[in-house]
2 protein chains.
Amino acid sequence: MRTIEIYDTTLRDGVQDVEIHLSLTDKLRVAKSLDDLGVQYIEGGWPGSNPTDKQFFKEMRSYDLKYSRLAAFGSTHNPKHKAENDANLKALIEAKPAVATIFGKSWDLHVTDALRIPLERNLEIIRDSVAFLKPHFEDVFFDAEHFFDGFRENRDYALSSLKAAHEASAGVLVLCDTNGGTLPSDLREIFDVVRKELPEARLGIHTHNDSDMAVANSIVAVKSGASQVQGTINGYGERCGNANLCSVIPALELKCDGKFQCLPEGKLTHLTTVSQFVAEIANLRPFLRQPYVGRSAFAHKGGIHVSAIQRNRRTYEHIEPEAVGNEQRILISDLSGRSNILEKAKKLGYKLEREDALVGDLLAEIKDRENRGYEYSSAEASFELLFYRVMGWSKRYFTPINFRVTDALLQGEEVMSEATVMVKVRGQVEHTASTGEGPVNAMDRALRKAVERFYPCISEVRLTDFKVRVLSGTTQGSPGTASHVRVLIESADKNSRWSTVGVSHNIIFASWNALVDSLTYKLFKDDPRKWPNHKP
Amino acid sequence: MRTIEIYDTTLRDGVQDVEIHLSLTDKLRVAKSLDDLGVQYIEGGWPGSNPTDKQFFKEMRSYDLKYSRLAAFGSTHNPKHKAENDANLKALIEAKPAVATIFGKSWDLHVTDALRIPLERNLEIIRDSVAFLKPHFEDVFFDAEHFFDGFRENRDYALSSLKAAHEASAGVLVLCDTNGGTLPSDLREIFDVVRKELPEARLGIHTHNDSDMAVANSIVAVKSGASQVQGTINGYGERCGNANLCSVIPALELKCDGKFQCLPEGKLTHLTTVSQFVAEIANLRPFLRQPYVGRSAFAHKGGIHVSAIQRNRRTYEHIEPEAVGNEQRILISDLSGRSNILEKAKKLGYKLEREDALVGDLLAEIKDRENRGYEYSSAEASFELLFYRVMGWSKRYFTPINFRVTDALLQGEEVMSEATVMVKVRGQVEHTASTGEGPVNAMDRALRKAVERFYPCISEVRLTDFKVRVLSGTTQGSPGTASHVRVLIESADKNSRWSTVGVSHNIIFASWNALVDSLTYKLFKDDPRKWPNHKP
């Protein structure tokens, strides 16, 4: 078994993503989580380019990392002076990480058109920069920028750039597909040539996803002898992003006949958690369809598929979801039938028989609601509440009596939203009002105001997403403003996340229903006495 | 040059995506757009499985497709009876598409564990099903489900399933990586064996993205001799999705030394538009980092990159974005917008100079609005009104003064919506009110009531679509119910169709703005005296 070094650059190349802006605290939290996962290297930033990154390396000195070594990123020295006078290289040394990684030019076009210096001078710069850094670090890695593009246009020159770094004792020569334009078949051929030309060098791979090939290219490189893979969590990065480590790692560990190990024993099962954590810190909506770790990666919707996986999970699952810390999901949808319901019931702890009358009731109820535009596959909390009600659960934490929401444009450009809400809670009628940023926000605030006095845990609920879908295609809805509307609300507290749905021809009422379900689900889930006598 | 058949299954396998629910009208619009793009085959649905798909094929008979052939999907016949008695096969014939595609089992595990029939019986079923369908269609394609998994476990049996379909004259044998678990190197080896075993058969490839390899696998298959690629727009599909045609097509056309052609000449430049259109219809947020067609695919953030691409675009762009209809974006700089504005002005009949002050004004106005969440690419009518206003057009058909909308749940399950509207029209203040099915419908009715007396042509306007997107990603918006909301309204009269946009943190106000623009645009477009003196 060969150990493949995972070099995470989420904190440096990943933050080049248009949507990502991390604070110092964010970066420290991500670094901690990467160490827990057990990647070999964490590239923390470019200390020569901005104060946050400089501070990051300073702060990191107070942390003991358990599995990872810290790396700092920089470029070869400025052509205008010598290595020892270069502020950028000095910043690397001052950052005091275990490893320095510097990038240099491998593509002659960049040397002549971007740097505008003679080709030979660039090789000298690479050699001097690596040699100057070497005594200050455990290791120095060389990122050969645009290596594959360079190789295609001037093969000898691209190879010379690697040789220059190698002669100066760079520990790993990292071949970069900087523009992400290389196909796996071309990458393999080029990799094979490099291996022949530099048989003793340790090689790494750094790819971008502009051709949708970053993961495939990383795997090809490892199979062709690369010992280090650079990438980011969730594939974050500039343009189309970097190689997604959440796909690279399981492919190497689970799909290559046990030839490669990337993480310490037992850590692969943490992958989904780390993926979600980094998305959370970056404040990005997780990508549902993301391979291996996405929420839909093992979600089954079609009835045929569901009945097959019940007999044998391998029929529609390429790996066991648990291997990467993910889980199977059975979706309730209009394509589904009895077997989906049974499976879902099983997950909620009920063993029902196929011909059970309750299953028929539940199915009829769901079908009726789906005809009206309800969609439970992405609103599992609403489904769960519906399920328990059909099963006989009848507790009511609060009962809405009525509400009114007014939006008024009175003067100028500002609209005022005001909601009044009347709710019965524990036998008492609460009548409250609130303004808000928009009608749904006003209703949300008024409703909480009414309920929170009785159930303080309501204050922990945050609404994390709000989706509106106009159902122009349902039988009841005609297109245009009189259509049916489906509202999905995602909520979270410190422990979990749940989704609820509401449907009406009135967008306000649809939102109201989803809100009521969201707060009810929170109370239900936290309620130690939700089953007064016994679970139905 | 070899022509590769593109077989789009967005309308069948794509709609298995957890997030996608298409109405009949949605499906017809997507089919039209795929034909415009010029894919060879459009798989419209599974007529034997649900009434919408059955209806789709019926409706499609009224359309002349310019480039595409229609295909319907189904399964091999039920083991319990003969092909000629199978309802599913009959539904295919009744659907009357040019091509029928049926899937059958190639993996012995599925035959024994899911179908629970003898292995030999499955081969007979494949043979009989293809043979029975053949006379009714231009061609019959065979999707060999789980072919690669099956091959790994029982190579001879997997091959026999292909041979059965081939003997019965299936036009294309499509090797399916149904669970998406195959790596490109394995796929290539298996493909090569199949080519040797069935040298005369035409082969196709159908992959899923569970290993992040769907696109790489499709390219490998074509290089190994596949003549058909099945996939979906934007990679939509069950679990992690299908092969993304928006990545497959440009890789084959632009990155394989001109060996392959997928679309009619000149159509590749429509790819970005089609990708955006399908996302819009599916009401899904476009994936910014999507290769080739994503909004960030050619977005440059770093200062070094920006100055390099200004010298030579090849330095950080793997293809010319225009080749796929996308565009370069320079972030935090107005360089990107100016040429777009000039281009748009030209389309409206104005030849403006790059340095014209009006161009700067317009650009500033658009940037400001885009920062607030406006999006003009799908709201051309709103853009046109904005453009003429900045150019000096100042006619006002009506001026909104104020409005108020109330939604109230009073008794039971019914919500009442009532709007009052105050508008100045031709110097007169009109104050009207209306109820409606939901708040937007109430506002729409009240506004028309106020304006129609002066402009009877308003009665011709129908609102044909209404879309809501919550912008949790804008700088102003925090997630949850206090986010910014963008409303897109599509309107039509007997001659034309137009789209308008409104943005606000208040969904009601966003809708109001889009409504006001819609009616204004109708009056503008029908007004013979819109330029009192001369066009500005």
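The predictor's confidence in each residue is expressed as pLDDT, on a scale from 0 to 100. In this predicted model, local features are reported only at pLDDT of at least 70 and side-chain atom pairs only at pLDDT 80 or more, whereas totals for chains, interfaces and linings use all residues. Residues are numbered from 1 along each chain as its sequence is written, and chains are lettered from A, with ligands numbered from 1, in the order in which they are written. Chain A averages a pLDDT of 91, and 95% of its residues score at least 70; the model scores ipTM 0.77 and pTM 0.76. Over residues 473-480 of chain A, pLDDT stays under 50, and the model has 20 contacts beyond four places in sequence for this stretch, a contact being a pair of residues whose C-beta atoms, placed from the backbone, lie within 7 Å. Where pLDDT is low, the predicted coordinates should not be read in detail.

Chain A contains 17 helices and 18 strands, taken as DSSP runs numbered from the N terminus (helices: H or I, at least four residues; strands: E, at least two). Along the principal axes, the C-alpha atoms of chain A fill a box of roughly 85 × 60 × 45 Å. Of the 536 residues of chain A, 53% count as buried, the criterion being 20 or more other C-beta atoms within 10 Å of the residue's own, with 12 or fewer for exposed, partly exposed in between, and C-beta atoms placed from the backbone. Among contacts in chain A between residues at least 6 apart in sequence, 67% join residues at least 24 apart.

When residues up to four places away in sequence are not counted, L173(A) touches F142(A), A144(A), L162(A), A165(A), H166(A), A201(A), L203(A) and G204(A).

In chain B, eight strands close into a barrel in the order β2-β3-β4-β5-β6-β7-β8-β9, with parallel pairing, where two strands pair if DSSP finds at least two bridges between them. The twist averages 25° from one strand to the next.

G235(B) is placed in the loop between β9 and α10 (245-254) of chain B and counts as buried because it has 28 C-beta neighbours inside 10 Å. G235(B) and A214(B), although 21 residues apart in sequence, are 9.0 Å apart in space, C-alpha to C-alpha.

Further along chain B, strands β14 (residues 415-425) and β15 (residues 428-436) pair in the antiparallel sense over nine bridges. The two strands β14(B) and β15(B) form a hairpin with two residues between them, and R426(B) in the turn has a positive phi of about 45°.

Between the chains, the contact takes 93 residues from chain B and 91 residues from chain A. Strand β13 (residues 398-409) of chain A pairs with strand β13 (residues 398-409) of chain B in the antiparallel sense over seven bridges, and in β13(B) the bridge partner of T406(A) is T406(B).

Technical notes. Two residues are in contact if their C-beta atoms, placed from the backbone, lie within 7 Å. Axes are lines fitted to C-alpha atoms, for helices over the stretch in contact, and angles run from 0 to 180 degrees between N-to-C directions.
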